[in-house]
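Trainee: I would like to learn how to read helices, sheets and cores in a model. Where do we start?

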Amino acid sequence: MAITRSKKENQLKILTDLITSAQGVAFVTFNEASVEEVQQIRRDLRASEMTYTVIKKTLIKLAVKNAKNIEVPLDNLAGSVAVITSSADELAPLAIIKKM
């Protein structure tokens, strides 16, 4: 089912706000992770007051461009991409990724 333009605009605004207020941001592919692994990662992130957002790469690029005025080359990341943000610690997302 296609996502409407208004829903995409809303998702873009939310992600832009998250990235703007974030101290740390990481991008991760999760194609080979099982559902249980992804759920556990999301729980760990919530416990550490971080966010995990799966959204279209085009919207991620726009959100980063709007929030930080940076071009992010996500085309070399195959498959689905998630954005992990931390408002408290700039290295915290990387520590979670390392566990993956």
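Mentor: Start with helix α2, where the face turned away from the buried side carries the exposed residues Val35, Glu36, Arg46 and Ala47. Buried means under 20% relative accessible area, exposed over 50%, and partly exposed in between (1.4 Å probe, protein chains only). Helices (H or I, at least four residues) and strands (E, at least two) are DSSP runs, numbered from the N terminus. This is a predicted model, in which local features need pLDDT of at least 70 and side-chain atom pairs count only at pLDDT 80 or more, while totals for chains, interfaces and linings use all residues. Residues are numbered from 1 along each chain as its sequence is written, and side-chain values use heavy atoms, leaving out hydrogens and water.

Trainee: Which residues of α2 are buried?

Mentor: An α-helix has 3.6 residues a turn, so residues three or four places apart point the same way. In α2 the buried residues are Val38, Ile41 and Leu45. Seen down the helix axis they fall within an arc of 60 degrees, so they line one face of α2; the arc is taken from the directions from the axis to the C-beta atoms. Their cover includes β2, β3 and α4, where contact means heavy atoms within 4.5 Å. Just after α2, Glu49 has a positive phi of about 60 degrees.

Trainee: In what order do the strands of the sheet lie?

Mentor: Two strands pair if DSSP finds at least two bridges between them. Here three strands form an open sheet in the order β1-β3-β2, with antiparallel pairing. β1 (24–29) and β2 (50–54) stand at the edges with a single partner strand each, so one side of each has no neighbour in the sheet. On average, neighbouring strands are turned by 20 degrees against each other, direction ignored. β1 is joined to β3 (residues 81–86) by six bridges; Phe27 stands opposite Val83, and Gly24 opposite Ser86.

Trainee: Which face of β1 is covered?

Mentor: The covered face has Gly24, Ala26 and Val28, and the uncovered one has Val25, Phe27 and Thr29. Helix α4 (residues 92–99) lies across β1, β2 and β3, at about 25 degrees to β1. Axes are lines fitted to C-alpha atoms, for helices over the stretch in contact, and angles run from 0 to 180 degrees between N-to-C directions.

Trainee: How many residues has the largest nonpolar core?

Mentor: In soluble globular proteins, nonpolar side chains tend to be buried together. A nonpolar core is a set of buried Ala, Val, Leu, Ile, Met, Phe, Trp, Tyr and Cys residues joined through side-chain atoms within 4.5 Å. The largest one here has twelve residues, including Leu12, Leu15, Ile60 and Val83. α1 (5–21), α3 (57–68) and β3 each supply at least two of its residues, and α3 gives the most, with four. Apart from this core lies another of eleven residues, among them Ile41, Leu45, Tyr52 and Ala82.

Trainee: Is Leu12 buried or exposed?

Mentor: Leu12, in helix α1, counts as buried because its relative accessibility is 17%. Beyond its neighbours within four places in sequence, Leu12 is in contact with Leu59, Leu62, Ala63 and Asn66. Leu12 and Ile60 are 48 residues apart in sequence, yet 7.6 Å apart in space, C-alpha to C-alpha.
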